[in-house]
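Please find below a colleague's note on the structure shown here.

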Amino acid sequence: WFGKFFTVLTNSRLGTFLESSNGIKENQIGFPKKYRTVDHIFVLKTIVDSLYQNKKKLYICFVDLN
């Protein structure tokens, strides 16, 4: 229980600090509260659809740094 509480508290404080100091860039959609994973999926699907229609290749690499 204490570990979960500490994680939530640390995450909250770190998030507040990063938002106030502009430590999170606009392209890091996974971190700010106003963005969701669905935003990434929408952007990726739009790119894939566009390139598919124009018969162009697309190479994608996902890196999870958690």
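**Notes on the predicted model**

1. Phe62 has a relative accessibility of 65% and therefore counts as exposed, the cut-off for that class being over 50%. The model is a predicted one. Phe62 lies in the segment that follows α2 (37–53).

2. Phe62 also belongs to a nonpolar surface patch, together with Phe42, Val43, Ile47, Val48, Leu58 and Ile60. The accessible area of these residues together is about 660 Å².

3. For the protein chain, the accessible surface amounts to about 6700 Å². Carbon and sulfur atoms contribute 62% of that surface. Of the 66 residues in the chain, 3% count as buried.

4. The secondary structure of the protein chain consists of 2 helices and 0 strands. Helix α1 covers residues 2–20, which is 19 residues. From first C-alpha to last, α1 reaches 27 Å, close to the 27 Å expected at 1.5 Å a residue. After α1 comes Asn22, which has a positive phi, near 55 degrees.

5. A search of the whole structure for aromatic pairs returns 1. The pair is formed by Phe2 and Phe6, with ring centres 6.5 Å apart and planes at 20 degrees, so it is classed as stacked; the cut-off for stacking is under 30 degrees.

6. Phe2 and Phe6 are 4 residues apart in helix α1 and are therefore separated by about one helical turn. In general, an α-helix has 3.6 residues a turn, so residues three or four places apart point the same way. Phe2 itself is exposed, because its relative accessible area is 59%.

Note on methods:
Residues are numbered from 1 along each chain as its sequence is written. This is a predicted model: local features need pLDDT of at least 70, side-chain atom pairs count only at pLDDT 80 or more; totals for chains, interfaces and linings use all residues. Side-chain values use heavy atoms; hydrogens and water are left out. The expected span of a helix is 1.5 Å times one less than its number of residues. Buried means under 20% relative accessible area, exposed over 50%, partly exposed in between (1.4 Å probe, protein chains only). Accessible areas come from the Shrake-Rupley method with a 1.4 Å probe; for residues, only the protein chains shown count as cover. Patches are made of residues with over 30% relative accessible area and no salt bridge: like charges are joined within 9 Å, nonpolar side chains (Val, Leu, Ile, Met, Phe, Trp, Tyr) within 5 Å. A salt bridge is a side-chain nitrogen of Lys or Arg within 4 Å of a carboxyl oxygen of Asp or Glu. Rings of Phe, Tyr and Trp (its six-membered ring) pair if their centres lie within 6.5 Å; planes under 30 degrees apart count as stacked, over 60 as edge-to-face and the rest as tilted.
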